[in-house]
Amino acid sequence: AGEAGGQLPAMLQRLSALSRQQLHVRHAVLGALTYPSVLMLIAVNVLVLMLVFVLPRFAEMFESLDAPLPPTTAMLMSASGFIRGQWPWVVGGIVGCVGGAIAFFRSAQGRVTIDTLLIRTPKFGAISRNVLSARMIRLLGVLVEAKIPLVEAIGLCRAAAGNMHFEALLDRAENAVTRGEPMSDAISTGKLLPPNVCEAVRNGEASGQIGPVMLSMAEFLDEDNEVTLRALSSIIEPLILVVLGAVVGFVALSMFLPLFDLTAMTQPGGPA
């Protein structure tokens, strides 16, 4: 587009700024999700290690004492015995499930599913929609500011939308602009874009300043998304720690409950 319009240097500068901003947003998202992901990985590893290596030691001791086991302890012992005895099938099942999930999400139907989940999941869907909206209107604003025809700019933006629902939205916008209708009417449908963005685009169309308006709204959305992600991360981190502590505490309590029962039985006046 820059070559066709004779504005290649200016277009490259705008694309460079766009790439830096997108990289900043990506790092902000990854930074907010890294610590919760590490906590989840630690939780899974701790649980597996306790089931595979710790519980069998207690199982041997319980068998030698011939002590009755509480239901939770018996359940964990059964799970531990199944994992240790059938570990090839367990590992194969996990690998098969992961491979099947990857193959499914790479298919056309899988893309529809994951794109829909990204924008429809409660709480996280709103964040995903805002991130995609900011990227879309920023790219569209950069192209319009570079004097690219609006129809062509919408087509280029659609190719980089990254979500089939936003692609369909831009397709409707392209058809509307081709028919001479306002783009704001088309992008207001589907509830993908925030209402303030649609209203800002409508005002930009009325004033002939749609490019600067889109870039300004993209800046606002990026700042709002960064604050939201930080707040969400600060909530998720202690929540995962609480869940991790509850899981580890449940396993530890289930292991020590039989010992408490044995101690109570050996005390004078304890149950016979």
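This is a predicted model: local features need pLDDT of at least 70, side-chain atom pairs count only at pLDDT 80 or more; totals for chains, interfaces and linings use all residues.
User: How many helices and how many strands does the protein chain have?
Analyst: Happy to start there! From the N terminus on, the elements run α-α-α-α-α-α-α-α-α-α-α. The count for the protein chain is therefore zero strands and eleven helices.

User: Is the protein chain a compact globule or more spread out?
Analyst: Let's compare two values. For 272 residues the globule rule gives 19 Å, and the radius of gyration is 28 Å, well over that. The C-alpha trace spans about 90 × 35 × 35 Å along its principal axes. Because its radius of gyration is well over the rule's value, the chain is, next to a compact globule, more spread out.

User: What share of the contacts with a separation of 6 or more joins residues 24 or more positions apart?
Analyst: This one looks at contacts in the protein chain with a separation of 6 or more. Among these, the share from residues 24 or more positions apart is 64%.

User: Which element gives the largest share of the largest nonpolar core?
Analyst: This core has 38 residues, and Ile 137, Phe 166, Met 183, Ile 187 and Leu 193 are those with the most contacts inside it. Two or more residues each come from α2 (8-65), α6 (124-145), α7 (150-159), α8 (164-178), α9 (183-187), α10 (195-207) and α11 (210-266). The largest share is nine residues, and the element that gives it is α6.

User: How many residues are in the second, separate core?
Analyst: Good follow-up! Met 50, Leu 51, Leu 76 and Met 255 are included in this second core. Its number of residues is ten.

User: Which residues is Leu 193 in contact with, leaving aside its neighbours within four places in sequence?
Analyst: Leu 193 is one of the residues with the most contacts inside the largest core. With those sequence neighbours set aside, its contacts are Ser 133, Met 136, Phe 166, Leu 169, Ile 187 and Cys 198.

User: Which element gives the most to the lining of the largest pocket?
Analyst: About 690 Å³ of space lies in this pocket. Of its 27 lining residues, Val 29, Ile 127, Ser 128, Val 131 and Leu 132 are the closest to its centre. At least two lining residues come from each of α2, α5 (108-120), α6 and α11. With nine residues, the element that gives the most is α6.

User: Which element gives the most to the lining of the second largest pocket?
Analyst: This pocket holds about 190 Å³ of space, and its lining is Val 48, Val 52, Ile 83, Arg 84, Trp 87, Val 90, Val 91 and Ile 94. By class, the lining has seven nonpolar residues, no polar ones and one charged. Two or more residues each come from α2, α3 (71-85) and α4 (87-106). With four residues, the element that gives the most is α4.

User: Is Pro 70 buried or exposed?
Analyst: Pro 70 is found in the loop between α2 and α3. Its relative accessible area is 14%. Buried means under 20%, so Pro 70 is buried.

Methods: Residues are numbered from 1 along each chain as its sequence is written. Side-chain values use heavy atoms; hydrogens and water are left out. A nonpolar core is a set of buried Ala, Val, Leu, Ile, Met, Phe, Trp, Tyr and Cys residues joined through side-chain atoms within 4.5 Å. Buried means under 20% relative accessible area, exposed over 50%, partly exposed in between (1.4 Å probe, protein chains only). Contact means heavy atoms within 4.5 Å. On a 1 Å grid over the protein atoms alone, a cavity is a set of points where a 1.4 Å probe fits but cannot get out, and a pocket is an open set with protein on both sides within 12 Å along at least five of seven lines; lining residues have an atom within 4 Å of a point. Grid points are joined across faces, edges and corners, and a volume is the space filled by probe spheres set on the points. Ala, Val, Leu, Ile, Met, Phe, Trp, Tyr, Cys and Pro count as nonpolar, Asp, Glu, Lys and Arg as charged, and the others, Gly among them, as polar. The radius of gyration is taken over C-alpha atoms; the globule rule is 2.2 Å times the number of residues to the power 0.38.
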